[in-house]
Amino acid sequence: PPRDVIEWQLDEVLDINGWDIRKALVLLYKSNPTLFEWCNSPIVYRTSRKFDDFRALALRYFSPKAALYHYWSTAYGVKKNFLQGETVRMKKYLYALRPLLACRWIIDKNLPPPILREVDALLQKKKEGMETSMIARVPALHEYIESSLEEIRLAAGDSVSDSPVWDELDAYFLGLFE
């Protein structure tokens with residue numbers, strides 16, 4: 001079968017990434033969080049009515065349970081693999097906080113999270129080129145990460161998972177060719 005991933009480097013600034021529509025619809029059926037992040041990106045170079053229809057359709061296939069487990073797993077992996085020492089790389093805090101904040105959004109609003117702006121002080125240091133700097137463990141962030149992981153794990157287990165159907169996705173796909 002042909003490749004179902006689109007990757008194209010236009011120049012040093014712009015690159016294009018995407019999926020074949022069939023793959024995108026299968027991932028939407030599975031409530032893939034990356035697809036929702038792409039749909040919610042604040043950076044849009046070009047759009048169309050068909051993509052607006054896709055975004056509206058995507059909201060009906062969003063599974064809070066699947067998203068919570070995805071983001072929880074991401075944050076847990078960062079904590080387990082990178083935040084255990086007395087010194088840690090500053091950017092690893094961002095890598096743990098971003099998915100936890102996404103989970104908070106999902107728990108509070110039952111919607112896909114927007115592209116989140118991380119903790120201001122850490123972002124500023126990251127922008128200054130210090131993202132790989134080692135810093136002393138920040139107890140308040142560690143405590144937040146630990147307590148959030150436990151709370152989100154419990155919330156994910158309690159959330160209900162709807163069984164999606166293919167009907168709307170099939171109709172959308174067929175409508176692309178009208």
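How many residues line the largest pocket, and which of them lie nearest its centre? In this predicted model, the lining of the largest pocket consists of 26 residues, and those that lie nearest the centre are Asn-17, Gly-18, Trp-38, Arg-46 and Phe-51. The elements that each give two or more residues to this lining are strand S2 (15–19), helix H1 (21–29), helix H2 (33–39) and helix H3 (49–60), and the largest share, five residues, comes from S2.

The second largest pocket is lined by 16 residues, with Tyr-61, Phe-62, Ser-63, Asp-162 and Pro-164 nearest its centre. Here the elements that contribute two or more lining residues are H3 and helix H4 (64–82).

| Pocket | Volume | Lining residues by class |
|---|---|---|
| Largest pocket | about 1200 Å³ | 17 nonpolar, five polar, four charged |
| Second largest pocket | about 250 Å³ | nine nonpolar, four polar, three charged |

Is Ile-16 buried or partly exposed? Ile-16 counts as partly exposed because its relative accessibility is 37%, a value that lies between the 20% limit for buried residues and the 50% limit for exposed ones.

Definitions and conventions: Residues are numbered from 1 along each chain as its sequence is written. This is a predicted model: local features need pLDDT of at least 70, side-chain atom pairs count only at pLDDT 80 or more; totals for chains, interfaces and linings use all residues. Side-chain values use heavy atoms; hydrogens and water are left out. On a 1 Å grid over the protein atoms alone, a cavity is a set of points where a 1.4 Å probe fits but cannot get out, and a pocket is an open set with protein on both sides within 12 Å along at least five of seven lines; lining residues have an atom within 4 Å of a point. Grid points are joined across faces, edges and corners, and a volume is the space filled by probe spheres set on the points. Helices (H or I, at least four residues) and strands (E, at least two) are DSSP runs, numbered from the N terminus. Ala, Val, Leu, Ile, Met, Phe, Trp, Tyr, Cys and Pro count as nonpolar, Asp, Glu, Lys and Arg as charged, and the others, Gly among them, as polar. Buried means under 20% relative accessible area, exposed over 50%, partly exposed in between (1.4 Å probe, protein chains only).
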